[in-house]
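Me: I have a structure here that I have not looked at before. Could you walk me through it, starting wherever you like?

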Amino acid sequence: MDWQNVREILEQASSIAIIGAKDKAGQPVDRVGRYLMEAGYDVIPVHHTRKNVWGLETCEKLTDIERPVHIVVLFRAAEQCPQHAQEALLLSRLPLLFWMQLGIEHPASASALAGEGVHVVQNACIMVEHARLFGRQILA
């Protein structure tokens, strides 16, 4: 992965959809979602059953989002990745970046997304990498 390219995407992006969003204290997704909101991003929670996460209206799936999504962050098991990658490719405006969180890799999905011009990060934490790339401190 070209981290300079990722940094540029993170700089120009304003909206981030988080698939598997939960505001349950102690969950990595909760910490990451709050970090991204504090960093100034328009975070769009996506969860198949929850209706409100972080005080924000939550979409059931990516294709329910009615505004452009610049980055998609996946907090689901790797076997769920193909479904979400296909959903991302159905958006009227493709995301700039599809990010599979730490522990999530799916080469076939990454290849399908990259083939359509979507940049992909696998097996990395967006919060950790954002903090590293922009010199931000991660607060406990």
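Me: Let's start with Val73: which residues does Val73 touch, not counting residues up to four places away in sequence?

Reply: Val73 touches Ile16, Ala17, Ile18, Ile19, Trp99, Gln101 and Ile126, where contact means heavy atoms within 4.5 Å. Before going on, please note that this is a predicted model, in which local features need pLDDT of at least 70 and side-chain atom pairs count only at pLDDT 80 or more, while totals for chains, interfaces and linings use all residues. Residues are numbered from 1 along each chain as its sequence is written, and side-chain values use heavy atoms, with hydrogens and water left out.

Me: OK, and which members of the largest nonpolar core touch the most other members?

Reply: That core has 27 residues, and the ones that touch the most other members are Ile18, Leu36, Ile71, Val73, Trp99 and Ile126. A nonpolar core here is a set of buried Ala, Val, Leu, Ile, Met, Phe, Trp, Tyr and Cys residues joined through side-chain atoms within 4.5 Å, and buried means under 20% relative accessible area, with exposed over 50% and partly exposed in between (1.4 Å probe, protein chains only).

Me: Which helices and strands each supply at least two residues of this core?

Reply: Helix 1 (3-12), helix 2 (28-38) and helix 5 (126-134) do, along with strand 1 (15-19), strand 5 (71-74) and strand 6 (97-100). These helices (H or I, at least four residues) and strands (E, at least two) are DSSP runs, numbered from the N terminus. There is also a second, separate core of 21 residues, which includes Ile19, Val46, Leu62 and Ile104.

Me: Switching topic, how many aromatic pairs are there?

Reply: The count comes to 1 aromatic pair, under a rule in which rings of Phe, Tyr and Trp (its six-membered ring) pair if their centres lie within 6.5 Å, planes under 30 degrees apart count as stacked, over 60 as edge-to-face and the rest as tilted. The rings of Trp3 and Trp99 have centres 6.1 Å apart and planes at 55°, so the pair is tilted. This pair links distant parts of the chain, with Trp3 in helix 1 and Trp99 in strand 6, 96 residues apart.

Me: Are those two buried or exposed?

Reply: Trp3 is partly exposed, with a relative accessible area of 26%, whereas Trp99 is buried, at 0%. The charged end of Arg132 also sits over the ring of Trp3, 5.2 Å from its centre; for that label, NZ of Lys or CZ of Arg must be within 6 Å of the ring centre and within 35 degrees of the ring normal.

Me: Back to the helices: at what angle do helix 2 and helix 5 pack?

Reply: Helix 2 and helix 5 pack at an angle of about 35°, with their axes 9 Å apart. Arg31, Val32, Tyr35 and Leu36 in helix 2 meet Ile126, Met127, His130 and Ala131 in helix 5.

Me: And what covers the buried residues of helix 5?

Reply: The cover includes helix 1, helix 2, strand 5 and strand 6, and the buried residues in helix 5 are Ile126, Met127, Glu129, His130, Ala131 and Leu133. Just after helix 5, Gly135 takes a positive phi of about 65°.

Me: Which residues other than glycine have a positive phi?

Reply: Among them are Trp54, with a phi of about 60°, and Asn123, with a phi near 55°. Most residues other than glycine have a negative phi. Trp54 is found in the loop between strand 3 (52-53) and strand 4 and is buried, with a relative accessible area of 10%. Asn123, by contrast, is partly exposed at 34%, and Asn123 is found in the loop between strand 7 (119-121) and helix 5.

Me: Last one: where is Gln101, and which residues is Gln101 in contact with?

Reply: Gln101 has its place in the loop between strand 6 and helix 4 (107-115), and at 4% relative accessibility Gln101 counts as buried. Leaving aside neighbours within four places in sequence, Gln101 is in contact with Val32, Val73, Leu74, Phe75, Asn123, Ala124, Cys125 and Ile126.

Terms used: Axes are lines fitted to C-alpha atoms, for helices over the stretch in contact, and angles run from 0 to 180 degrees between N-to-C directions.
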